[in-house]
Amino acid sequence: MPRRGLLPESFLHTSAAAGFRYQRRQLYAEGVALKHIAADVGTPTYVYSRAAIERAFVQLDTACRSLPHTLCYAVKANSNLAILRLFVQLGSGFDIVSGGELERVRRVGGSPDRIVFSGVGKSREEIREALRAGILLLNVESEAELELVAEQAAQLRRPASVSLRVNPDVRAGNHPHIRTGHHKHKFGVDWPEARRLYLRHRRHRWLRWQGISAHIGSQILRVEPFRRAARRLAGYVEELARAGLRLRYLDFGGGIGVRYWRERPFPLPVYVRTLSAAFVPLGCHLLLEPGRLLVAHAGVLLTRVLYTKQTRRRTFVIVDAAMNDFLRPALYGSVHPALPVRLDSWDRRSRVTLVGPACETGDCFLEDWPLPPVRPGDLLVLWGAGAYGMGLASNYNSRPRPAEVLVEGRGFRVVRRRETRNDLWRGEQF
Ligand code: LLP
C-alpha cells in the first residue's frame, strides 16, 4: 500500500466514507476492481457504489433524528433509475423539478406523497401531472404560478397541496452559477409578497397551504448562510402562525457542500444543531432536499489515457472522457482529483494537464495535477463525479454519452448502456 500522505489528501479524506479504496495497488469500487469494469464495459464510464449511497443517506438521516423530518433526494443530482430505485428502497422522498423527473420517480415505485416539486417555470401540463399524482407539496415560485395551480386544481377538482418558495435573501453557494437565495436571483418570492399571497388565499377552495420552502444554493461550505436563512424562515412561519395560518411542512431545500479536494465543509451535526435551534420550536415537519451530499462521493468517472504529449511548457495527458461527459470542471472550475486505477510508481509523480478530446480549450479537467507516469491505455478516475456528472452530460462534438455502472458488493451491473452512434441522431431528419 502507498504511504499515507502520498495520495491526494482529499481522496484519503473521502475514501473512508465512500465505496472506493485501493487494495493491492488496484482501485476497487466495493469488491470490484475498476479494471474489470473497464475491460467489460469500456470507457468513459460512470461507476457508482451502492454502499456509499446507502451510507451517505443513513448518515444524514441519523444526524437529523432529533428532528421530525423526511429526506427528499434531489433527483437532478443523479437521476439514473437504478439510483432512484435505491432511494425508494431506503425510504427516501424526492425533490423533483420537471415532469420528466416525476415520471422517473414513479417508474421506480416512488410514492407521490413523498414528492416535492420545485422550479420557477413549471408548465401547465407539469402542474396537472403533479396534481393528478397527488404529490406532497408543490413549491410555488410566483403569483402567476399560484393562479395557474389554483385554476388547474379547480378544473381537476383536486385541491392542491402548496407551499411558497420564499427567497430569504442570503448569499450562499460556492460558485455564482449555483447561488439561488439572494434577492437578485430568479428563485422564490420575497417575504412581503409571500405573506400577502399566503394570507390572501388562505381560504381558497382549491389551495391547501401546507408549507413553506427555501433553497439558498448548492455546494455551501459554511453553516452561516443556513443559520441566517433558517432564522428568517422560522420568523416567517411564526408570523403566519400569529395571523392564524399554521403550516405543517418546512422545506429547507438542499445545498450541503462536500469535499471534492481541499474544500472544508462544516460537520453535519453543526448543520443539524443549527436547524434544530431555529425549527424545533415551530413544531413543523422538516423536509430536506439533499442531492450532492448523497451521491457525489458515490461515483467516479472511469476514463482511459489516449495519448500523452509534451509541449514546451506542459505535459498533456489526453483521456477519452471530455467536457461533454463531465462538465463540472469546465462549467464551474471545480477540481475533481484524478487518480490512477493502478497505483504504480506513485513516488515518481509529475505535474500534468489532464484534457479531453473535445474541440474546446475549456475541455480541461485538471491543470498542474500530480500523476505518476502514465501511458496510453492506462486507466484513471475522476473523483467525486456521482453528483451532477451524467445529468449534465451532452452529445456535444457528436460524442455518445458514457455508460453507467452500479457496483453492489462483489457484483456490478450496467444501469445505463453506453450510447451508440444511432442514439446520436435519434429523432433527426434530413
Ligand atoms: N433543491 C432545489 C430546489 C435545488 O434547486 C437543488 C439544486 C437541490 C435541492 C439540491 O442541491 P444540492 O443538495 O445538490 O446542493 N449543477 C450544479 C449544481 C446545481 C444545483 C441546482 N439545484 C453543480 O454541479 O454544482
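A salt bridge is a side-chain nitrogen of Lys or Arg within 4 Å of a carboxyl oxygen of Asp or Glu; by this criterion, the count between domain 1 and domain 2 is zero. The structure is a predicted model, in which local features need pLDDT of at least 70 and side-chain atom pairs count only at pLDDT 80 or more, while totals for chains, interfaces and linings use all residues. Residues are numbered from 1 along each chain as its sequence is written, and side-chain values use heavy atoms, with hydrogens and water left out.

**Domains and their interface**

- Domain 1 covers 9-49 + 296-424 and domain 2 covers 111-290, with bounds that come from an automatic or database domain assignment.
- The C-alpha centres of domain 1 and domain 2 are 35 Å apart.
- Contact (heavy atoms within 4.5 Å) involves 16 residues of domain 1 and nine residues of domain 2.
- About 1,100 Å² is buried between domain 1 and domain 2, and carbon and sulfur atoms give 60% of this area; buried area is the accessible area (1.4 Å probe) that two parts lose on being put together, summed over both.
- One residue pair, both at pLDDT 80 or more, is in polar contact across the interface of domain 1 and domain 2.
- On the side of domain 1 that touches domain 2, the elements giving two or more residues are α1 (9-15) and α12 (328-332).
- The largest share of that side of domain 1, four residues, comes from α1.

- Helices (H or I, at least four residues) and strands (E, at least two) are DSSP runs, numbered from the N terminus.
- In strand β1 (residues 20-23), F20 and Y22 form the covered face, whereas R21 and Q23 form the uncovered one.
- Strands β1 and β2 (residues 26-29) run antiparallel and are joined by four bridges; two strands pair if DSSP finds at least two bridges between them.
- Opposite R21 stands Y28 of β2.
- Two residues lie between the strands of this hairpin, where R24 takes a positive phi near 45°.

- The loop between β7 (115-117) and α6 (124-133) holds S118.
- S118 counts as buried because its relative accessibility is 7%; buried means under 20% relative accessible area, exposed over 50%, and partly exposed in between (1.4 Å probe, protein chains only).
- The side chains of S118 and N139 are joined by a polar contact of 3.4 Å. Such a contact is a pair of N or O atoms within 3.5 Å; within protein, one must be able to donate a hydrogen and the other to accept it, and residues adjacent in sequence count only if both atoms are side-chain atoms.
- Apart from neighbours within four places in sequence, S118 is in contact with D95, I96, V97, N139, E141, R165 and E289.
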